Amino acid sequence: MVRFENVGLRYGTGPEVLRDISFELAPGSFHFLTGPTGAGKSSLLKLLYLAERPSRGLITLLGHPLSKTPRKALPAIRREIGVVFQDFRLMNHLTVFDNVALPLRLAGQDEAHVQESVTELLSWVGLKAKLDERPLRLSGGQKQLVAIARAVVTRPKLIIADEPTGNIDREMSLRIMRLFIELNKLGTTCLVATHDMVLVDRLQKPVMELYEGKLADSGWWMEGAASNAVIPAQPLMPDDLSPDF
């Protein structure tokens, strides 16, 4: 699904912000990405959703070695990746429905398919009653649910979430993590970047920890395996997230 081999990244002529990054994510797996502010998490995520290209090293994404992939092929790969941004990046002049529908419309889907898919998805995330609202009238948690719905409406193979619970209360955080759990159970590979160590400790799932641009030498993500080993998919069940954690 995803493979990094000795990847480095620098911006311009500055020092490397990521150094010697090597890991694999297996299809259908669920991982957390943690680390202090400035460790390089955002840069690593940008490499994953193709907003940046590495300065060195090899990245294989969804079976495509990026160093050998022509630029004209990148949009098709990007469509297999759903991204949930920390700042939501919703279009305030569009309704909730139209924000979620945008990726399907850009892909040229017919309107009947758009109407059915978006309505069903907004019902799934609990926002069917808000489909005609504008984002400015939503709470932070509701905006995050819209962002998640928009990220998954094209049924991507890989979901990347940047601090999806960073600006919302615990109850909404729980609700959002249950959505990621359900997506993972359906076979979607999920990588969630977070500072919420309570959530990480509660779930006890593979963790990649960045520190000063490098992956930690040990961690749950490497437990019982070599540093480049594939972490097998581990289904996450909703019962694992009881409200009393």
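The paragraphs below lead through this predicted model from the whole chain to its central sheet, and then to a helix, some loops and the aromatic pairs.

Because the model is predicted, local features are described only where pLDDT is at least 70, side-chain atom pairs count only at pLDDT 80 or more, and totals for chains, interfaces and linings use all residues. Residues are numbered from 1 along each chain as its sequence is written, and side-chain values use heavy atoms, with hydrogens and water left out.

The protein chain has seven helices and eleven strands, where helices (H or I, at least four residues) and strands (E, at least two) are DSSP runs numbered from the N terminus. Of its 245 residues, 49% count as buried; buried means under 20% relative accessible area, exposed means over 50%, and partly exposed lies in between, with a 1.4 Å probe and protein chains only. The accessible surface of the chain comes to about 11,900 Å², and 50% of that surface belongs to carbon and sulfur atoms; such areas come from the Shrake-Rupley method with a 1.4 Å probe, and for residues only the protein chains shown count as cover. Among contacts (heavy atoms within 4.5 Å) between residues at least 6 apart in sequence, 72% join residues at least 24 apart.

Six strands form an open sheet of mixed pairing, in the order β6-β7-β8-β3-β9-β10, and two strands are said to pair if DSSP finds at least two bridges between them. The edge strands are β6 and β10 (residues 214–215), each of which pairs on one side only.

Because five of the five residues of β3 are buried, the strand is largely enclosed by the rest of the structure. Asn184 belongs to helix α6 (residues 170–185) and is buried, with a relative accessible area of 4%.

Helix α3 (residues 96–106) holds the buried residues Val96, Phe97, Asn99, Val100, Ala101 and Leu104. The buried residues of α3 pack against α4 (111–124) and α5 (140–152), and the helix is followed by Gly108, whose phi is positive, near 85°.

Two leucines also have a positive phi. Leu50, which is not a glycine, has a phi of about 65°; Leu50 lies in the loop between α1 (41–48) and β4 (56–61) and is buried, with a relative accessible area of 6%. Leu62 has a phi near 55°, lies in the loop between β4 and β5 (64–65), and counts as buried at 18% relative accessibility.

A search of the whole structure finds three aromatic pairs; rings of Phe, Tyr and Trp (its six-membered ring) pair if their centres lie within 6.5 Å, and planes under 30 degrees apart count as stacked, over 60 as edge-to-face and the rest as tilted. One of them joins Phe30 and Phe32, edge-to-face, at 5.5 Å centre to centre with 75° between the planes, and both residues are buried. Another joins Tyr49 and Phe85, whose ring centres are 5.6 Å apart and whose planes stand at 85°, so this pair is edge-to-face. The pair links distant parts of the chain, with Tyr49 in the loop between α1 and β4 and Phe85 in the loop between β6 (81–84) and α3, 36 residues apart. Tyr49 counts as buried at 18% relative accessibility, and Phe85 is buried at 17%. The charged end of Arg89 sits over the ring of Phe85, 3.9 Å from its centre; a charge sits over a ring if NZ of Lys or CZ of Arg is within 6 Å of the ring centre and within 35 degrees of the ring normal.
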